Amino acid sequence: MTSRRDFLATLGAAALAGCAPAGKAPLPPGELLGMNHALGHRLREGGFPAPAEIRKVGILIVGGGISGLSAAWRLAHAGVDDFLVLEMDSEPGGNSRAGQSPLVAYPWGAHYLPLPTKESVHVRRLLAELGVLQGDPAAEKPHYDERFLCATPQERVYRNGLWDEGLLPHRGLDAAERAQQKRFHERMEELKQARGSDGRRAFAIPMELSSRDPEWLALDRIAFSEWLNDNGFTAPSLHWLANYATRDDYGTAHTQTSAWAGLHYFACRSGEAANAASDAVLTQPDGNAWLMRGLAARAGERIVTGAMVWRIEEGKASVAVDVLFGAKTVRYEARKLIWAAPAFVLPRVWGGMPGELRAAALSGEYAPWLVANLHLSDFPEERHGAPSAWDNVFYDSPGLGYVVATHQLIRRHLSGTVFTCYRALHEMTPADGRRLLLETPRETWAEGILAELERVHPNIRKLSTRLDVFRNGHAMRRPVPGSLWYGQRQKLADFQTQRITLAHADLSGFSLFEEAQYRGVVAAERVMASSGFRKL
């Protein structure tokens, strides 16, 4: 893997110096956000104040990301109102948070939702509740509000000085490579319909509904790149596509990703719509924040932010949860606890955690991730080829390209825009990536991002009015070979005590909206079943 020093060197000497190259406009202002390592250090160091008061609650949900909010959403739908959601940050949302400029909202993380499959019943129910899915949520091809369907063109890729429409390059390729591309698409369509000997889809979403046929699960033992080569998919453009896909969804290169997870990316996305192509996605300027707000609306004022859980103790009649609010500790005594925060944090706060579960929680690797929002006074100069799209990807680049926040608002003729740029730090170990995020100043990241974009948009620096960088050291659990069906993940998914239930995308082994929502809903239903609540 690349060292941190080698990685920084790729940003150039000017970037390391934290200033713009001679003759170029200065860097735009901005902030360095994310990575609240001080709180993490506080958990390790201890020394918290004793509880100043005790509050009682029926169900306490720790974590205000998609899983925690989905648990609250499910409880509220069932008529359960004696619950609280505790979120450590100043706002809920997790990887689906967003920002707002005077011009437009923009994402800080997840930015789209594929058309949900029939198995994704909870996603469809939420979309119907929000009025985005219109008609029967169980329909084979539902009708969707066109304002939420991604406007065309949806995506393009920059390669050899030209833009190609779509994500798979096709210009200048020989007949053999084009034939491989065609065969790959055909194989993925076959896998979308494939079923195991148990009758389940080979690659379903949520992933827990997938086939347990050993033939399919064995794909988890090898890397996605190995599967491609073993099946005769050796074309550079196909390996690039696979590598882009795994970096984009999992924060890992295709050489580091379970083949089961890699194929799941392509084969689970089989949702259809009555008024859109099957590869369409649902999106808004603020990414997936609109979905997060839809879930959060059910919880209302029962979401409490700025709440850091530092101790959990399970008793016979309740769970004691000590929570730091500023300089004050409040102890909650809850009849039930849903842990909807990342799994690796739980051993730090639950001293009585069973050893087997502790090992499972600490077994996963987490991908470090970088997101930058670049505010522009106008659209930058374009290279030739396909026109500007919502998702704009660079073929020969360590970054993942950018999405355009104003793409859905194209009819409004706005003068400016916001580009949201993504980068997975897959080139090094996760620990090195986190140290790099912690130690590297905003100016270095900003200069590297602008230098990358200038290759495609020569005048983008002059149009830049602000550039904020968000660092996420533990963005998502990495689905490395062997981690999904042969590792510790299933122990997390199955775990439940009389008082404590887990809920997080970590239980799926990778971070997608559908997975996070499913785990939250399942946790809520487990709690209701163990408490004698009637499910509605």
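A salt bridge is a side-chain nitrogen of Lys or Arg within 4 Å of a carboxyl oxygen of Asp or Glu. The views below show a predicted model, in which local features need pLDDT of at least 70 and side-chain atom pairs count only at pLDDT 80 or more, while totals for chains, interfaces and linings use all residues. Residues are numbered from 1 along each chain as its sequence is written, and side-chain values use heavy atoms, with hydrogens and water left out.

**View A. The salt bridge between R478 and E365.** The side chains of R478 and E365 meet with 2.2 Å from N to O. R478 lies in the loop between β21 and α17, and E365 in the loop between α13 and β16 (366-376), so this pair ties together parts that are 113 residues apart in sequence; helices (H or I, at least four residues) and strands (E, at least two) are DSSP runs, numbered from the N terminus. R478 is buried, with a relative accessible area of 6%, whereas E365 is partly exposed at 34% (buried means under 20% relative accessible area, exposed over 50%, and partly exposed in between, with a 1.4 Å probe and protein chains only).

**View B. The salt bridge between K491 and E356.** Here the closest N and O atoms are 3.7 Å apart. Because K491 belongs to helix α17 (residues 489-494) and E356 to helix α13 (residues 355-362), the pair ties together parts that are 135 residues apart in sequence. K491 counts as partly exposed, at 35% relative accessibility, and E356 counts as exposed, at 56%.

**View C. The salt bridge between E31 and R466.** The closest N and O atoms of this pair are 3.3 Å apart. E31 lies in the loop between α2 (13-17) and β1 (32-34), and R466 in strand β21 (residues 464-477), so the two tie together parts that are 435 residues apart in sequence. Both are partly exposed, E31 with a relative accessible area of 43% and R466 with 26%. The structure holds 31 salt bridges.

**View D. W260 in the largest nonpolar core.** A nonpolar core is a set of buried Ala, Val, Leu, Ile, Met, Phe, Trp, Tyr and Cys residues joined through side-chain atoms within 4.5 Å. Of the 60 residues in the largest one, F203, W227 and W260 touch the most other members. Among the elements that each supply at least two residues of this core are α6 (175-193), α10 (259-267) and β20 (417-424). Not counting residues up to four places away in sequence, W260 touches residues including F203, M207, W216, L484 and F510, where contact means heavy atoms within 4.5 Å.
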